[in-house]
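This briefing summarises the architecture of one chain, from its overall fold to selected local features. Please consult the sequence and structure shown below while reading.

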Amino acid sequence: MRIAIRTGVLYDGTDAPARRNVTVLVEDGRIAAISGNDERAGAEQTFEAACVTPGLINSHVHLEVNGEPDTQTFFLIRTPTERTLDAARNARLSLEAGVTTVRDLGGSESNAIALRDAVTTGQHVGPTIIPAGRAICMTGGHGFFLGREADGPWDARKAVREQRKAGATCIKLIATGGVLTKGAVPGQDQLSEEEMRAAIIEAGTHGMRVAAHAIGTNGIKNALRAGVTSIEHGHLLDDEAIALFRERKAYLVPTLAAVWCIYENIAGGAQPDYVVRKATEIYHQAGDNIRKAWRAGVTIAGGSDAGTPYNRHENYAYEVELMSTVLGMTPQQALTAATATAAELLGVEAGILAKGRPADLLLLGGDVGADVRALRDPRVVIKAGAVAHERA
Ligand SMILES: [Zn+2]
């Protein structure tokens, strides 16, 4: 299959200057050429677009949840079969919204793993999925109702081995309390540095990267010292944490939408009081803290925590908008965080449009560099060189 796309502007996913009036040739699942000439002749499918970007990469999702206001209760009442169906639908909705790769950072069972396989074999429509399996937390820790509780370095290692056995290709650790678990305090440490270090060594042995949920200041530093690849949330970071991020070359996935979606839906929303209280406290600090980290040179990768209250899988564009409006990134920098940088974090080949790279790309109706909202509702989504979705 040969597809040719003529576009007014192309962002390749990096901070390289945009290219104007080019043709993208797609062949056998990959980018065959990006050329200034109009090379549409001979293609089986041709398109015209105002703007072309790589498919978006969401580094932090939970495919089993759909944005319900009370995540913990929803998880506890949902049957395994219902979770499977939800995950399959969220995979499809993500792809239709232009998200061509996701990292699932924790589910109750092996749904995201099975879906990853179903997408790979073509049995189900969805983005490329990089699943963590169950998140690893301390006994009674944040997300215990869906996670694998582990205590002590050897149990943490065993928990990693279990996720690998189930088919996970990355690992999620819980370093501090969180918003959506009743009784968990976001500022408090949970897994110890010693436990995380053991889990990270074990994961590294198997080539698995490790993400740590960390909101509290000290827990962020524990996870960074232990050697995580990415800090998820990181909202209460301080100057010492910023220095550690840079020293360890760790990524920060700020999941702004997780906090903003709760805060913006307080009126008329149905979140439990403890969720509103904790999210509000974080909302008033997160923007300033993450902006400071970005300005200080911390590498930020896009991830929305999709599935948390009012934070839907198909609205990942909102996270990209928030990285621009809240953190002060240019639209192109925010796009880079959600494409090339996220790809680098996940260790995937997608995320950059260049000859020989996987043909995961979006055709937009407007120039995203001029208005980041152009990422909402892409006209055509191409994944692995085939049209995955075309807006009616
Ligand atoms: Zn999460």
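Where is Asp28 found? Asp28 lies in the loop between β2 and β3 (30–35). The structure is a predicted model, in which local features need pLDDT of at least 70 and side-chain atom pairs count only at pLDDT 80 or more, while totals for chains, interfaces and linings use all residues. Residues are numbered from 1 along each chain as its sequence is written.

**Overall fold**

- The chain holds twelve helices and 17 strands; helices (H or I, at least four residues) and strands (E, at least two) are DSSP runs, numbered from the N terminus.
- The C-alpha trace spans about 60 × 45 × 40 Å along its principal axes.
- Of the 392 residues, 57% are buried; a residue is buried if 20 or more other C-beta atoms, placed from the backbone, lie within 10 Å of its own, exposed if 12 or fewer, and partly exposed in between.
- Among contacts between residues at least 6 apart in sequence, 69% join residues at least 24 apart, a contact being two residues whose C-beta atoms, placed from the backbone, lie within 7 Å.

**Domains**

- Domain 1 comprises 2–55 + 352–390, and domain 2 comprises 56–346; these bounds come from an automatic or database domain assignment.
- The contact between them takes 21 residues from domain 1 and 21 residues from domain 2.
- On the side of domain 1 that touches domain 2, β4 (45–54), β16 (380–383) and β17 (386–390) each supply at least two residues.
- The residues on that side of domain 1 divide into ten nonpolar, six polar and five charged; Ala, Val, Leu, Ile, Met, Phe, Trp, Tyr, Cys and Pro count as nonpolar, Asp, Glu, Lys and Arg as charged, and the others, Gly among them, as polar.

**Helix α7**

- Ala241, Ile242 and Phe245 are buried in α7 (residues 239–248).
- These residues cover an arc of only 105 degrees around the axis, which puts them on the same side of α7; the arc is that of the directions from the helix axis to the C-beta atoms.
- Exposed Asp239 and Glu247 sit on the face of α7 turned away from its buried side.
- The cover over the buried residues of α7 includes α6 (217–226), β13 (251–253) and α9 (273–295).

**Covered strands**

- In β10 (residues 170–174), Cys170, Lys172 and Ile174 point one way and Ile171 and Leu173 the other, and all are buried.
- Five bridges pair β10 with β11 (residues 209–214) in the parallel sense, where pairing requires that DSSP finds at least two bridges; Cys170 stands opposite Arg209 in β11.
- Strand β7 (residues 128–131) is covered on both faces, with Thr128 and Ile130 buried on one side and Ile129 and Pro131 on the other.
- Strand β6 (residues 99–104) runs parallel to β7 and is joined to it by four bridges, and Asp104 has Pro131 as its bridge partner in β7.

**Positive phi angles**

- Most residues other than glycine have a negative phi.
- Asn21, in β2 (residues 19–27), has a positive phi of about 50 degrees.
- Asp28 has a positive phi near 50 degrees and is exposed, with 10 other C-beta atoms within 10 Å.
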